[in-house]
Amino acid sequence: MKEERHDAVVVGAGPAGSVTAKTAAEHGLDVLLIERNQEIGVPVKCAEGVSKAIEKFVPVDKRCICAEVKGANIYGPDGTKVVMQGGEMEEVGYVLERRIFDKTLASEAARAGAAVRVKTEAYGIIEVNGYAKGVYARSVEGDTRIYANVVIGADGVESRVGRWMGINTQLLPSNISVCAEFLMCDVELNKDYSEFFLGNEVAPKGYAWVFPKGGDCANVGLGIGGDVSGEKHRAINYLRAFVRNKFPDGKIVAEMYGAVPLSGPLNESAADGLILVGDAARQVNALTGGGILYAIQAGEIAGDVIVKASQENNFSKRRLMEYESRWRSTFEKRLETGFKAKEFFFGLSDKDLNTLARSLAGIKITELSTSALLLELVKRNPKMLLGLAKILL
Ligand SMILES: Cc1cc2nc3c(=O)[nH]c(=O)nc-3n(C[C@H](O)[C@H](O)[C@H](O)COP(=O)(O)OP(=O)(O)OC[C@H]3O[C@@H](n4cnc5c(N)ncnc54)[C@H](O)[C@@H]3O)c2cc1C
């Protein structure tokens with residue numbers, strides 16, 4: 001088997017992996033970024049909505065933006081509309097073109113000096129004395145033993161890298177959102193707002209979305225709880241029903257399936273010689289399903305920490321835990337609130353959801369953030385949402 005050696009190997013070239021690779025390479029580390037797919041950013045498994053706050057972390061080229069929206073319209077099961085404006089909710093602000101966005105991030109990593117290799121899949125970990133010391137990878141050129149001082153698992157929702165090092169990354173069905181999405185054209189849509197549809201008939205333990213993609217096109221999709229998905233009750237069955245009702249004449253030009261981890265973050269995202277970032281570390285807001293912003297922030301922190309660990313030649317879990325404490329102080333609170341709120345809302349009946357939506361109808365919520373929405377709901381429904389109030393306070 002061929003062998004090679006690098007300072008760091010990053011598994012997965014999504015936003016988390018590319019930003020980690022870029023940050024580390026910029027500071028002079030010899031980084032290899034591997035991606036199992038033949039093209040970075042493809043297939044797109046995302047609704048592509050993101051807050052404009054993304055610009056605080058990475059430059060977003062115009063070519064990466066398909067649409068810009070003012071806010072979100074959220075519809076209760078009976079059609080009651082709640083309008084939110086502003087810019088702090090994970091998934092609302094820009095609708096990206098991820099096939100370009102993800103490639104741009106990987107190109108930036110390459111420009112900073114990282115080696116990027118597509119069609120290369122990690123299939124095992126090299127472990128020496130309890131430390132991750134690299135990965136086994138498969139490509140068209142055969143198998144390679146890739147040695148590295150530190151391994152970064154940025155391998156998304158299906159992550160195996162953490163498991164290989166004994167981290168429990170298992171997701172219960174109730175903590176997975178099973179998603180189906182169509183890219184549709186020739187649809188009549190609200191181009192200024194991303195729209196969310198709630199209800200047990202539309203998407204049990206989840207929601208449906210219509211995110212404008214420019215012109216008369218939109219990402220139309222939904223996610224349902226993994227524990228309610230079953231024969232004839234698959235996400236695709238719900239999506240077909242939704243589209244039949246909402247866009248009977250629309251044209252489907254692409255179809256995709258994917259999953260979002262809704263477990264809240266892992267208890268531990270580092271081990272000796274290993275760091276997990278992004279979906280692999282379950283850094284997703286479980287209420288909204290938004291993970292792009294967290295993947296990018298975690299990638300920046302991870303890149304910085306592995307640079308320091310390299311300078312000190314110390315890749316112990318203890319040293320790498322700086323990554324864990326920094327991402328937790330940066331965004332753990334938001335993930336925690338999202339998780340607890342998800343647990344609460346997923347248990348509500350359509351009747352309850354209608355009551356909540358009606359309590360906000362006609363009010364303009366000007367701060368578009370998950371916590372602003374939750375606080376407004378608690379204010380207007382104190383008795384019903386006593387449990388939720390306890391979570392938030
Ligand atoms: C249907 C759907 C809709 C979504 N909508 C939104 C949204 O609107 N807004 C938002 O913020 N978030 C959304 N998300 C979540 C968002 O897509 C993720 O949180 C984000 O992509 C996480 O980035 P990542 O880099 O951690 O993982 P990914 O983007 O999943 O990247 C992981 C990469 O690792 C590669 N890989 C996996 N295993 C290996 C291996 N063994 N070897 C080499 N490469 C490997 C994969 O091919 C992939 O390219 C959505 C997710 C889904 C499924």
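**Note on the predicted model: strands, core and ligand shell**

1. Strand β1 (residues 2-11) pairs with β2 in the parallel sense, over four bridges. Within this pairing, Val9 has Leu32 in β2 as its bridge partner. The model is a predicted one.

2. On another pairing of β2, strand β8 (residues 115-117) joins β2 in the parallel sense over three bridges. Here Ile34 stands opposite Arg117 in β8.

3. In a regular strand the side chains alternate between the two faces of the sheet. Strand β2 (residues 31-34) shows this: Val31 and Leu33 point one way, Leu32 and Ile34 the other way, and all are buried.

4. An open sheet of eight strands runs in the order β16-β12-β15-β14-β13-β5-β6-β19, and its pairing is mixed. Its edge strands are β16 (251-261) and β19 (364-365), each of which pairs on one side only.

5. Inside that sheet, strand β12 (residues 176-185) and strand β15 (residues 218-225) run antiparallel and are joined by eight bridges. Ala180 stands opposite Leu222 in β15. Leu222 also touches Ala180, along with residues including Cys179, Val202, Tyr207, Trp209, Tyr238 and Phe242, when residues up to four places away in sequence are not counted.

6. Which residues touch the most other members of the largest nonpolar core? They are Leu33, Val151, Leu222, Ile275 and Val277, in a core of 125 residues. The largest share of this core, eleven residues, comes from α5. In soluble globular proteins, nonpolar side chains tend to be buried together.

7. Helix α5 (residues 292-312) has a length that can be checked. At 1.5 Å a residue its 21 residues should span 30 Å, and because its end C-alpha atoms are 31 Å apart, the two values agree. The helix is mostly covered, with 15 of its 21 residues buried. Just after α5, Asn313 takes a positive phi of about 50°.

8. The shell around the ligand has 39 residues, of which Gly12, Gly14, Gly156, Gly278 and Gly291 come nearest. By class, the shell divides into 17 nonpolar, twelve polar and ten charged residues. At least two shell residues are supplied by each of α1 (15-26), β3 (49-50), β9 (121-128), β12, β16 and α5.

Methods
Residues are numbered from 1 along each chain as its sequence is written. This is a predicted model: local features need pLDDT of at least 70, side-chain atom pairs count only at pLDDT 80 or more; totals for chains, interfaces and linings use all residues. The expected span of a helix is 1.5 Å times one less than its number of residues. A residue is buried if 20 or more other C-beta atoms lie within 10 Å of its own, exposed if 12 or fewer, and partly exposed in between; C-beta atoms are placed from the backbone. Two strands pair if DSSP finds at least two bridges between them. A residue is near a molecule or strand if its C-beta atom, placed from the backbone, lies within 6 Å of it. Ala, Val, Leu, Ile, Met, Phe, Trp, Tyr, Cys and Pro count as nonpolar, Asp, Glu, Lys and Arg as charged, and the others, Gly among them, as polar. A nonpolar core is a set of buried Ala, Val, Leu, Ile, Met, Phe, Trp, Tyr and Cys residues joined through C-beta atoms within 7 Å. Two residues are in contact if their C-beta atoms, placed from the backbone, lie within 7 Å.
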